Amino acid sequence: FRNSSCPRAVRQELTDRRTPEDVRRWILSPPGWIEVRDAPESGEDFATQLHAGERESILLAEAVRADVLLVDEQAGRRIAMERKLPVSGTLGVLERADAVGLVRNFAEILRRLQESGFYLSEPLKEILMERHRARRSA
């Protein structure tokens, strides 16, 4: 892994009492390749359309010229793409990891992701599983 930056607002969101305990523990002692950083200040108008985590993620991604910005919320993705940032969501990262053989049990990971509070519709889950099966049979 190359070093990854995590804005302080994202860390704060992940330590909220409603966040699953495993996630809270993880972000409180993140792996060495994650650096929690301050995002640059900005008075731009997009700031009012997003939560602090998405706003800081976009600003930090621009400042460090990130290879990819991980953002799942639709408004954040739209604004990041308008700002010409390379974007992926959690599911895109998971599919890439599966494609290169880093995932042992794709269905179990999807189940655990849902249990953590990640919204995943059943039709999308089935599409993901179909693509997983196609990768495995190729």
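What share of the contacts in the chain with a separation of 6 or more comes from residues 24 or more positions apart? The share is 42%, where contact means heavy atoms within 4.5 Å. This is a predicted model: local features need pLDDT of at least 70, side-chain atom pairs count only at pLDDT 80 or more, and totals for chains, interfaces and linings use all residues. Residues are numbered from 1 along each chain as its sequence is written, and side-chain values use heavy atoms, with hydrogens and water left out.

**Fold and dimensions**

- Seven helices and four strands make up the secondary structure of the chain. Helices (H or I, at least four residues) and strands (E, at least two) are DSSP runs, numbered from the N terminus.
- Read from the N terminus, the element order is β-α-α-β-α-β-α-β-α-α-α.
- The C-alpha trace spans about 50 × 35 × 30 Å along its principal axes.

**Surface and charge**

- Of the 138 residues, 31% are buried. Buried means under 20% relative accessible area, exposed means over 50%, and partly exposed lies in between (1.4 Å probe, protein chains only).
- The chain has an accessible surface of about 9,300 Å², and carbon and sulfur atoms hold 51% of that surface. Areas come from the Shrake-Rupley method with a 1.4 Å probe; for residues, only the protein chains shown count as cover.
- There are 23 positive and 23 negative charges, and their mean positions are 4 Å apart. Lys and Arg count as positive, Asp and Glu as negative; His and the chain ends are not counted. Each charge is placed at NZ of Lys, CZ of Arg, CG of Asp or CD of Glu.

**Salt bridges**

- The whole structure holds 14 salt bridges. Each one is a side-chain nitrogen of Lys or Arg within 4 Å of a carboxyl oxygen of Asp or Glu.
- Asp 22 and Arg 25 form a salt bridge at 2.5 Å, N to O. Both residues sit in helix H2 (residues 21–28), three residues apart, about one turn of the helix. Arg 25 is partly exposed at 48% relative accessible area.
- Glu 62 pairs with Arg 83 at 2.7 Å, N to O. This pair links distant parts of the chain, 21 residues apart: Glu 62 is in helix H3 (residues 52–64), while Arg 83 is in the loop between helix H4 (74–82) and strand E4 (87–88). Glu 62 is partly exposed at 29%, and Arg 83 is partly exposed at 23%.
- Arg 78 and Glu 82 join through a salt bridge of 3.1 Å, N to O. They are four residues apart in helix H4, so about one helical turn separates them. Arg 78 is partly exposed at 37% relative accessibility, whereas Glu 82 is exposed at 51%.
- Glu 95, Asp 98, Arg 131, Arg 135 and Arg 136 belong to one network, joined by salt bridges that share partners.

**A buried loop residue**

- Where does Thr 19 lie? Thr 19 is in the loop between helix H1 (8–14) and H2.
- Thr 19 is buried, with 12% relative accessible area.
- Beyond its neighbours within four places in sequence, Thr 19 contacts Glu 13, Leu 14 and Arg 24.
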